[in-house]
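Hi,

Here is the structure I promised to pass on. Have a look at it first, and then read my notes below.

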2 protein chains.
Amino acid sequence: MAEEKAKATTTTTTSPIRFGIVGCAEIARKVSRAIALAPNATLVAVGSRSPDKARRFIAENALSSSVRAVGSYEELLDDPAVDAVYMPLPTSLHARWAVAAAERGKHLLLEKPAALSAAELDPILAACAAHGVQFMDSTMWIHNPRTAHMRGLLSDPSRFGDLKMINSIFSFYADEDFLKNDIRVKPDLDALGALGDAGWYCIRSSLWAADYQLPKTATAFRNPVLNDAGVILSCGATLLWEDGKIAIFHCSFLSHLTMDLTVIGTRGSLHVNDFIIPYEEKSAEFSFASDSGFTELVTGWQPLPSKHVVTTELPQEALMVQEFSRLVAGIRDSGNKPEEKWPTITRKTQLVIDAVKASIDKGFEPVEIVG
Amino acid sequence: MAEEKAKATTTTTTSPIRFGIVGCAEIARKVSRAIALAPNATLVAVGSRSPDKARRFIAENALSSSVRAVGSYEELLDDPAVDAVYMPLPTSLHARWAVAAAERGKHLLLEKPAALSAAELDPILAACAAHGVQFMDSTMWIHNPRTAHMRGLLSDPSRFGDLKMINSIFSFYADEDFLKNDIRVKPDLDALGALGDAGWYCIRSSLWAADYQLPKTATAFRNPVLNDAGVILSCGATLLWEDGKIAIFHCSFLSHLTMDLTVIGTRGSLHVNDFIIPYEEKSAEFSFASDSGFTELVTGWQPLPSKHVVTTELPQEALMVQEFSRLVAGIRDSGNKPEEKWPTITRKTQLVIDAVKASIDKGFEPVEIVG
């Protein structure tokens, strides 16, 4: 594969982190390629409840012949040749299998939503801490170099000023099959529905823009759409911080594909329309305006917003695997402690999801968020 | 002036509509130029409470020497040589002077917000109807040809599907002088503050996207910012329609210049970042995506949104004057009836503003909108 060739030319100081994939979800295809692309990672095993399914996954994705198909999650977690696992299981199974992975000393790259609630997440994070393994949720856009560029501008008081509002939307139009059969509409699998899936990104981006300061309250909009089983297909909310700043988000399985993030300060504003999955893999844009006003007769803007293009050799999901593997290598080979940042921002995301869910359940009243 | 030369080469079938401007507000500078640019309009008089101020306005804006300076609003309204007035007075004065204009048979191009409430607007509209004069509020972007292009796409079920959500933001960062002295922060002049000024555009755009169907309720966000006199400096709300679609808007004097409109249907989405005042006068962009999905491994979009550029010979404010004058000429010269569309959409905008204001006053409860 082209990916393997590229990897062969990269010098790594330690041996690559050996990954096992726990569960052959569709998203695992993308992440298996990301593991192949990351210079400090290698895929050694794919685990499924059926060995056939694991074998088929390996064949269909043209993975290296050295990747082993494993017929049970336990067997994969018990394998001493596996350093870390990527776990794209349905969320309802995280509580069991993520804890099991941590207890066997496996570093954990966990698909989002990390858990069905903060209460369910805490034992996972506790197990990771107790066993000294790195935890990271699989939110890819955070690792795109565009994100760091945007962060730099938002953190510059002379160009952005003080943060006032964050607006985010993630929607896609799910077809009939999805709305009937996808795990994200099933109360026993991904009971958080669109809030846990699409809303996760909106909430994470709001926290990111606010430098991960927790909002004080969440208040859901009065038009959530639920399916017959009570799973959220569409909803939105406002998040309010102590200082008056606001985040507004909307997430949905029922509207055309949209991935907007707008961040407005006193002196600047940032727009990106593909913040979760960039339009193209190797190049991502955003626009930024600073101290914009009007022309003399208010017939145009000056200065105009500027377009920023950030290129990347590796796609964001490979950069995620690379960063996770770098941290794992530090623990495995140099006795480092796990990086606290990642479980911390996962937990904050989950706390806000809990509050939005509670606001929907309580008739759209504001719900306090306690850290 | 270049504008006059351009006009001289335009063939008009009827004599131009003769405008008087009632009040020398800053925005009147832009509209006086628009009247000069519109091929079927001509400015004949500028009225102010002081003749000096009217003279200074004429001189400073290099208006034609034939434009008369008039030292009182009454005198201008009594002038038989004036067909129509543009009225950029503080909103608290509209009730008196807009009615006075209609009673004297002057067609009325009224600066927004049209009134402080629907209850205050109704006598204005009634006076216009009773005297057979055309009413139009001075919302310029509606007249940009870009708006018609966007409307065409939103109305195409095969490209846009069913409307699901509208997201709009209009904010600008007001300086200290504005926050102290501008009429838009004074309870006795423009008591609706940012809601009447910036919010007007968000609400109008939401109605426009929904084909002017009134929402059922408005629910304000819980973080309005008011000044010491109780005037709104920043607020937001959701509007909900019977069928579940939602409009979300945020308007503010306290955040960097932002003019976003996003409209999402089941099959398409539209983005524009300068919907009220385009970045440039003669060319305006928007982006539109239809049936977008992901590449096979979910590492990019396909198809990508397409960028649309719409050019215009005349700026949108001149197109507004031209359209208003066309309707007035039809009444004056051909015995047409006033076009009902314009007062109707003004009233709907005002009804929604009333509901948002009431929701703020009632502790952020949903407020019903009755047409």
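This is a predicted model: local features need pLDDT of at least 70, side-chain atom pairs count only at pLDDT 80 or more; totals for chains, interfaces and linings use all residues.

Chain A holds 12 helices and 18 strands. Its radius of gyration is 21 Å, close to the 21 Å that the globule rule gives for 371 residues, so chain A is as compact as a globular protein of that length. If you want dimensions for a figure, the C-alpha trace of chain A spans about 70 × 50 × 40 Å along its principal axes.

The contacts may interest you too. Taking those in chain A between residues at least 6 apart in sequence, 69% join residues at least 24 apart. As for charge, chain A carries 37 positive and 45 negative side chains, with the centres of the two sets 2 Å apart.

One stretch comes with an annotation. UniProt, in an unreviewed entry, lists residues 159-270 of chain A as "domain: GFO/IDH/MocA-like oxidoreductase". Across residues 159-270 the chain is 22% helix and 43% strand, and the end C-alpha atoms sit 11 Å apart.

Now for some individual residues. A:His143 is found in the loop between strand 6 (135-137) and helix 7 (145-154) of chain A. Its relative accessibility is 12%, under the 20% cut-off, so A:His143 counts as buried. Leaving aside residues up to four places away in sequence, A:His143 touches A:Met136, A:Gln316, A:Leu319, A:Met320, A:Glu323 and A:Trp342.

Next, the backbone. Most residues other than glycine have a negative phi, and most peptide bonds are trans. With that in mind, please check these places:

- A cis peptide bond joins A:Lys112 and A:Pro113, with omega about -10 degrees. A:Pro113 lies in the loop between strand 5 (107-110) and helix 6 (118-130) of chain A.
- In chain B, a cis peptide bond joins B:Lys112 and B:Pro113, with omega about -5 degrees.
- A:Phe364 is not a glycine, but its phi is positive, near 70 degrees. The loop between helix 12 (341-361) and strand 18 (367-368) of chain A contains A:Phe364, and at 17% relative accessibility A:Phe364 counts as buried.
- B:Phe364 has a positive phi of about 75 degrees, again without being a glycine. At 17% relative accessibility, B:Phe364 counts as buried.

Happy to talk any of this through.

Best wishes

Definitions and conventions:
Residues are numbered from 1 along each chain as its sequence is written. Chains are lettered from A and ligands numbered from 1 in the order in which they are written. Side-chain values use heavy atoms; hydrogens and water are left out. Helices (H or I, at least four residues) and strands (E, at least two) are DSSP runs, numbered from the N terminus. The radius of gyration is taken over C-alpha atoms; the globule rule is 2.2 Å times the number of residues to the power 0.38. Contact means heavy atoms within 4.5 Å. Lys and Arg count as positive and Asp and Glu as negative; His and the chain ends are not counted. The place of a charge is taken as NZ of Lys, CZ of Arg, CG of Asp or CD of Glu. Buried means under 20% relative accessible area, exposed over 50%, partly exposed in between (1.4 Å probe, protein chains only). UniProt positions are given in the numbering used here, feature names are shortened, and annotations may be inferred rather than shown by experiment.
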